[in-house]
Amino acid sequence: PLIDTWREKYIMAPKSEKKGRSALKEVVTREYTIHLHKYIHGIGFKRRAPRAIKAIKKFAEKQMKTTDVRIDTKLNKAVWANGIRNVPFRIRVRCHRKRNDDEDSAHKFYTLVTHVAVESFKGLETKTVDSED
């Protein structure tokens, strides 16, 4: 009798069906500020810029939930602008999750990461950008 009353008291709520679309199925564009300094802290001089590029790719993969991440040439130039050793502390990027037109690809989406030039990083937050295309 004691066990039955315990079960009645602690019955879980019935599972509800989730409705709506998955965020992954949408084409979206967002702007982020990446704090590169924390990703390359303690890395040797000759590996700093390459490690920063890898950190940007990993960041975009995590945020946009796509394994295929492509870095724009202007972003690459912005990271490498001061040489291999002196990578900027922060960088503002725009991540576009786009549909993959290549039928052979295993992934439906890819992420294109582009550079956004800003004068100051003060007060900037992540924001969703309306698609131009």
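The chain exposes about 10,300 Å² of accessible area, and carbon and sulfur atoms supply 51% of that surface; these areas come from the Shrake-Rupley method with a 1.4 Å probe, and for residues only the protein chains shown count as cover. This is a predicted model, in which local features need pLDDT of at least 70 and side-chain atom pairs count only at pLDDT 80 or more, while totals for chains, interfaces and linings use all residues. Residues are numbered from 1 along each chain as its sequence is written, and side-chain values use heavy atoms, with hydrogens and water left out.

**Confidence**

- The chain averages a pLDDT of 89, with 83% of the residues scoring at least 70, where pLDDT is the predictor's confidence in each residue on a scale from 0 to 100.
- Among the elements of the chain, helix H1 (residues 2-9) has the lowest mean pLDDT, at 62, whereas H4 has the highest, at 98.

**Overall make-up**

- The chain has four helices and five strands, and along the sequence these follow the pattern α-β-α-α-β-α-β-β-β; helices (H or I, at least four residues) and strands (E, at least two) are DSSP runs, numbered from the N terminus.
- Of the 133 residues of the chain, 29% count as buried, a term that means under 20% relative accessible area, with a 1.4 Å probe and protein chains only.
- Among contacts between residues at least 6 apart in sequence, 69% join residues at least 24 apart, a contact meaning heavy atoms within 4.5 Å.

**The sheet**

- Five strands form an open sheet in the order E2-E4-E3-E1-E5, with mixed pairing; two strands pair if DSSP finds at least two bridges between them.
- Strand E2 (69-71) and strand E5 (127-129) stand at the edges with a single partner strand each, so one side of each is left without a neighbour in the sheet.
- From one strand to the next, the twist averages 30°.
- Three bridges join E1 to E5, which run antiparallel, whereas E2 and E4 pair in the parallel sense over three bridges.
- Glu31 stands opposite Arg94 in E3 and has Lys127 as its bridge partner in E5, while the partner of Thr29 in E5 is Val129.
- On E4, Thr111 is the bridge partner of Arg97, and Val113 stands opposite Ile71.

**Helices against the sheet**

- H3 lies across E1, E2, E3 and strand E4 (109-115), running at about 135° to E1; axes are lines fitted to C-alpha atoms, for helices over the stretch in contact, and angles run from 0 to 180 degrees between N-to-C directions.
- H4 packs on the sheet, touching E2, E3 and E4, and its direction makes about 45° with that of E4.

**The nonpolar core**

- Of the 22 residues in the largest nonpolar core, Ile56, Val79, Ile91, Val93 and Val113 touch the most other members; such a core is a set of buried Ala, Val, Leu, Ile, Met, Phe, Trp, Tyr and Cys residues joined through side-chain atoms within 4.5 Å.
- The elements that give two or more residues to this core are strand E1 (28-35), helix H2 (36-40), helix H3 (48-64), helix H4 (73-80) and strand E3 (90-99), and H3 gives the most, with seven residues.
- Not counting residues up to four places away in sequence, Val113 touches several residues, including Ile56, Ala60, Ile71, Leu75 and Val93.
- E4 is mostly covered, with five of its seven residues buried.

Terms used:
Buried means under 20% relative accessible area, exposed over 50%, partly exposed in between (1.4 Å probe, protein chains only).
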